[in-house]
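The structure is shown below.

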Amino acid sequence: KDVPLQEVFRRIDTIYRHYGPGTDIQISGGDPTLRKREELVQIVKRITDFKMGATLFTNGILARRDLIEELAAVGLSDIAFHVDMTQERKGYASEVELNVIRKKYIERAKGTGVNVMFNTTVYEGNFHELNDIARFFCENAEDIQLASFQLQADTGRGVLRERDFMITQETVMNEINKGAGTKINFDIPNIGHKDCNKYGIALEINGRMFNFLDNDPFLLKIMNQTADFDLDRDNKMRTVFHMLKTLLFSPGLWWGGVRFAGRKIWEARKELVASRGKVNKITFFLHNFMDASKLEKERCESCSFMVMTSEGPISMCVF
């Protein structure tokens, strides 16, 4: 049964007290679109009234355009569509065939101001298609902000149990790189524990993909210099202005930034000319969930995905 609305409000208030403004909250379920529509709108509004980010996690079936528009009006930042073969949608025999649904969902959200994300469970039945899925996301980088690959957990509510030996962070990253046609660096930055999450950014320019983050000392310095800055994804100009200001008043960073940008521009010079400077960014994220009977203390304590319960926040895997 749905958690009562007032209890949801209380948990949102508790998140704010623990983590403050700028926190990203995933509205999940089950599927939250099964709630009464007016309640879902109130939940999003409660989150954004605290200046926290709201992301709707849904299989998309009931997330029609008018609902997305209504949620966007009260501040919804992102919508994460979960589409993959584990859902056994009738009439679809492969992940590639499911791209029809993915395209339909992209069109639903286009122009609403809401960022589009996709979640894909990686398991034995679709591992051989991961490069095709990654290629689809790259080809639609203009409309997709993030593609998340969630490695099958060894325990859970479904019928799958022990994960196939070929499914590891390394093999999944390799398949994404095949689909992207370039080697994406997933080692910077670390979000949570390195054995739990991998994060990489690619740039799409005139149909070709380029790695953005690499092991450049400049990137480490800029991350440290801006660690306390709230990167407002809904106000990109404010973020750009702050970054430029940080560079301007830090001579060491300034020259590092010029060198870093120059190297990236030179690498993509032909594509930048052909696209007239148009660049699309897509983020790839890997979630490696733990076996519930083999939890590792260090990873649980480093968790960046917390669940707010009636007793307080706990790690997603512990939950």
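The volume of the largest cavity is about 120 Å³, taken as the space filled by probe spheres set on the points, which are joined across faces, edges and corners.

Its lining comprises 17 residues, with Cys-196, Asn-197, Cys-303, Phe-305 and Cys-317 nearest the centre; lining residues have an atom within 4 Å of a point. At least two lining residues come from each of β8 and α11 (297-301).

## Basis of the model

This is a predicted model, in which local features need pLDDT of at least 70 and side-chain atom pairs count only at pLDDT 80 or more, while totals for chains, interfaces and linings use all residues. Residues are numbered from 1 along each chain as its sequence is written, and side-chain values use heavy atoms, without hydrogens and water.

Strand β8 (residues 280-288) is largely enclosed by the rest of the structure, because eight of its nine residues are buried (under 20% relative accessible area, 1.4 Å probe, protein chains only). Strands are DSSP runs of E of at least two residues, and helices are runs of H or I of at least four, numbered from the N terminus.

Pairing requires at least two DSSP bridges between two strands. Strand β5 (residues 146-151) pairs with β8 in the parallel sense over six bridges, with Leu-146 opposite Thr-283. Strand β6 (residues 197-205) pairs with β8 in the antiparallel sense over eight bridges, and here Glu-204 faces Asn-280.

Methods: Buried means under 20% relative accessible area, exposed over 50%, partly exposed in between (1.4 Å probe, protein chains only). On a 1 Å grid over the protein atoms alone, a cavity is a set of points where a 1.4 Å probe fits but cannot get out, and a pocket is an open set with protein on both sides within 12 Å along at least five of seven lines; lining residues have an atom within 4 Å of a point.
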